[in-house]
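Thanks for making time for this.

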Amino acid sequence: MSLFPNLLLSLFLLIGVCNGRTKKIEEGHVQMQTQTLNTNPTHFNPQVPPLRTLSSSKRFEGSSEFVKLKYHMGPVLSSPINIYLIWYGKWPQSQKLLIKDFLLSISASDRRVSPSPSVSDWWQTVSLYTDQTGANISRSVSIAGEYADLHYSHGTHLTRLSVQDVIATAVHAKPFPVDHRNGIYLILTAEDVTMEDFCRAVCGFHYFTFPSKVGYTLPYAWVGNSGKQCPELCAYPFAVPGYMGGGGPGQLTPPNGDVGVDGMISIIGHELAELSSNPLVNAWYAGEDPTAPTEIGDLCEGLYGTGGGGGYIGSVMKDGEGRTFNLNGRNGRKFLVQWIWSPILKACAGPNALD
Ligand SMILES: [Zn+2]
């Protein structure tokens, strides 16, 4: 993949779906009347204010010969992955179902259920990473348990350490299990919960629990709903920074009408990809400092399609109602999820690539 793909070409490309087959119509032959059904997605590469990234030094916008992603001999999640969800705070059922549809779309490889480009196709890039035995990251991801911490057992402000108390409370509540073989724990905080460094340095993070806190070493990730706190940072590009007159041009319509949760989904994807490839922070990362590793999601932050970079998110799709997406999931869902660094292409990759 070239470093600077032809941005203009992607702008002038229009994909019309005719009789179930996809037809590319190039510049000069764009016929809007090919959009006979308003459900036919069109491709576009919107210019949006650049992501005021929380980790700008980690972004490479596509590909770079300078990226030295290395394997440090630790395990990856090569067995079927069991996700244990911890809903912290008050979560409306509709938001839970949306997030669960995304997670359950990772394994679903049935093209009738999730047409290409699908969430499952997107995870394929993640599954290319292996451990020292040559075992790939599993393509099987399921939700193995859920725990609702409705009463904010550790308060409405959490820290990187107290989030482990939230996990401890959950795993000690029967029948929510301690699955230290194939389990990963995903803590999702409601929009009224604040977290140390949230909106300043992070939108999500992953790590593993300390036996002294939880009793076991369990890989986990935390992602918060930024909708009320900092959507322009953590629900980008569905909200844009205030200096561009947030809410003005450049802001994209979220695929499921929920800025906070649609934004979380890309962060969840980012964290799951990194948790799977670096669960104990001793497997796949770039940089010399394991306390600040640059991981396979960090390398592609803000990039969602071909031709991204420099204020462009890349070529993504827009449905008849203007909702922006790049992946299909189960139950007819659509999602906008950032690309992931491919160890084969040595570049950011996603199934909606145009080249
Ligand atoms: Zn990351």
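Let me begin with proline 237, which lies in the loop between helix 6 (231–234) and helix 7 (259–277); helices here are DSSP runs of H or I with at least four residues, strands are runs of E with at least two, and both are numbered from the N terminus. This is a predicted model, in which local features need pLDDT of at least 70 and side-chain atom pairs count only at pLDDT 80 or more, while totals for chains, interfaces and linings use all residues. Residues are numbered from 1 along each chain as its sequence is written.

The peptide bond that leads from tyrosine 236 into proline 237 is cis, with omega near 0 degrees. Another cis peptide bond runs from serine 116 to proline 117, with omega near -5 degrees, and proline 117 sits in the loop between helix 2 (93–105) and helix 3 (119–127).

Why remark on these angles? Most peptide bonds are trans, and most residues other than glycine have a negative phi.

Aspartate 197, in the loop between strand 9 (194–195) and strand 10 (204–208), has a positive phi near 75 degrees without being a glycine. Lysine 346, in the loop between strand 17 (340–342) and strand 18 (347–349), is likewise not a glycine and has a positive phi of about 55 degrees.

Are these two residues buried or exposed? Counting other C-beta atoms within 10 Å, with positions placed from the backbone, buried means 20 or more, exposed 12 or fewer, and partly exposed in between. Aspartate 197 has 12 and is therefore exposed, whereas lysine 346 has 14 and is therefore partly exposed.
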